[in-house]
Amino acid sequence: MKISVIGTGYVGLVSGACFADTGNEVCCIDIDKKKIQMLEDGKIPIYEPGLEQIVKRNVAEKRLVFTTDLAAGIKHGRVIFLAVGTPPGPDGHADMQYVFKAAENIGEYINEYKVIADKSTVPIGTADRVRDIIASRTALEFDVVSNPEFLKEGAAIDDFMKPDRIVIGSSSRKAEEIMRELYAPYVRNNHPVICMDIRSAELTKYAANAMLAVRISFMNEIAGLCEKAGANIKKVRDGIGYDSRIGMSFLYAGAGYGGSCFPKDVKAVIKTADDYGLDFSILKAVENVNNTQKLLLVKKFENYWKKQINSGKSKIKSLSDLTAAVWGLSFKPNTDDMREAPAIEIIRRLQQLGIKKIAVFDPEAAAEAKKTFGTSIQYCKTDYDALKGADSLFLMTEWMEFRNPDFEKMAALMNHQVIFDGRNIYDKEKLLQNGWFYEGIGIGQSDFI
Ligand SMILES: NC(=O)c1ccc[n+]([C@@H]2O[C@H](COP(=O)([O-])OP(=O)(O)OC[C@H]3O[C@@H](n4cnc5c(N)ncnc54)[C@H](O)[C@@H]3O)[C@@H](O)[C@H]2O)c1
């Protein structure tokens, strides 16, 4: 089948490449000339494991092309996917300008029947708006369907190729059949294609992300209680996660959720509910907990070091004498995406406290970090380089290479053996035995909250 994808970002590029890999002829369109030039030069603008091989294979087989030419791109596809960004607007509603601009383009260049499939995460009623925009520019027949995307950055190829389910919201039998045909190769494992009305499909995506965010904030609040009352969140997780009604996923306490989806989608659901006169109080609480959680580690850092300074026994005389190291910048492992990453908040707050030297290492996200922090922090070539002369280490992203480091080597490099672990990946008992100060999230009583 001939397919066009408007928007060649994390979702559009992965979807386009994966659709091409099952034999479709795919044209990926973007208004970002630099991005399309990179792709045409054989470079992948984002880090996503496995993506480069799939893109190269399908470009070589001439099943995958890239263009900034909207007219040609739109004419190409029988199905046109919208995969443009829907970032939060100033008031928290999803900013729909990119979706509506793409719809205008489709209205201008449509040349025959097409299915417009919305993969961007959009508020209820968007398909109706998109249909109206296109219909005001053409008399040709077309259908608009909602086809929310559930892939996870860092595991996007696997998620796309073997989805738990495909959701299609459609009011047209013809469009539904075309979408079913397109997705048939991806659901051979008998995972379902769930067809429903368009509004339910639009809401499904938001409901899924909001539910996951609820679980994270819930566990973070339980972790807070653990720190007050002297319990261990890892044990509590095991204790509840084996309950089949609860399950183990998304039960990790940590430095708060980030990324391009959860924060904006939680905001958007709150705003959409507001529009319908509904106070979505659970999600407001989820957002508040998350905002506090993102700064928890710096609060512990501040309290720990103030205690050392006030004791008069430390060589450190003020917070601004301290040097901090940060391992991990991306909002989760296996991606270079730093949108709303907790590491950003931590670094900003450290800078506000007057910490002059902040040395960071991330296997993939340094280039992204430079866009936010410029030369105000020090980018290191290895994780150990970042530790030289550091008084504290913040572990912010659980990349595999951080999981089992050489603690003796770390102790020799650092000024003080102090770790703030935002992902609870280290063994507190072992570290304490070996002379470290360790604070995770919800791992026993804390005197530093
Ligand atoms: N990133 C994820 O993990 C993920 C997962 C599921 C769903 N989503 C949703 O998918 C959508 C896209 O997310 P993303 O992370 O891929 O965004 P992104 O910012 O990585 O990519 C969006 C792309 O669209 C391009 N674009 C904007 N307007 C355009 C236009 N008029 N014509 C052509 N191209 C245009 C931009 O230049 C950019 O390259 C969002 O609604 C998001 O919520 C994202």
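## Close-up views of the predicted model

**View A. Strand 4 between its two parallel neighbours.** Strand 1 (residues 2-6) runs parallel to strand 4, and four bridges pair the two. Within this pairing, Val 5 lies opposite Phe 81 of strand 4. The structure shown here and in the following views is a predicted model. Strand 4 is also joined to strand 5 by four bridges, again in the parallel sense. There, Leu 82 is placed opposite Asp 118 of strand 5. In a regular strand, side chains alternate between the two faces of the sheet. Strand 4 is covered on both faces, with Val 79 and Phe 81 buried on one side and Ile 80 and Leu 82 buried on the other.

View B. Helix 8 spans residues 173-183, and its buried residues are Ala 175, Ile 178, Met 179 and Leu 182. These residues cover an arc of only 95 degrees around the axis, which places them on the same side of helix 8. They pack against strand 4 (79-82), strand 5 (114-118), strand 6 (142-146) and strand 7 (166-169). The face turned away from this buried side carries Arg 173, Glu 177 and Glu 181, which are exposed.

View D. Six parallel strands make up an open sheet, in the order 11-10-9-12-13-14. Strand 9 (residues 323-327) pairs with strand 12 (residues 392-395) in the parallel sense over four bridges. One of the residues involved is Ala 324, whose bridge partner in strand 12 is Ser 392.

**View E. Helix 14 and its covering elements.** In helix 14 (residues 366-373), the buried residues are Glu 368, Ala 369 and Phe 373. Viewed down the helix axis, they fall within an arc of 120 degrees and therefore line one face of helix 14. Their cover includes helix 13 (342-352) and strand 10 (357-361). Exposed residues Ala 367, Lys 370 and Lys 371 are found on the face turned away from the buried side of helix 14. Gly 374 follows the helix and has a positive phi, near 50 degrees.

**View F. The whole protein chain, for orientation.** The secondary structure of the protein chain consists of 16 helices and 14 strands. The radius of gyration is 24 Å, close to the 22 Å that the globule rule gives for 449 residues, so the protein chain is as compact as a globular protein of that length. Along the principal axes, the C-alpha atoms fill a box of roughly 80 × 50 × 40 Å. Among the 449 residues of the protein chain, 45% count as buried. Of the contacts with a separation of 6 or more, 72% are between residues 24 or more positions apart.

Technical notes:
Residues are numbered from 1 along each chain as its sequence is written. This is a predicted model: local features need pLDDT of at least 70, side-chain atom pairs count only at pLDDT 80 or more; totals for chains, interfaces and linings use all residues. The radius of gyration is taken over C-alpha atoms; the globule rule is 2.2 Å times the number of residues to the power 0.38. A residue is buried if 20 or more other C-beta atoms lie within 10 Å of its own, exposed if 12 or fewer, and partly exposed in between; C-beta atoms are placed from the backbone. Two residues are in contact if their C-beta atoms, placed from the backbone, lie within 7 Å. The arc is that of the directions from the helix axis to the C-beta atoms. Two strands pair if DSSP finds at least two bridges between them.
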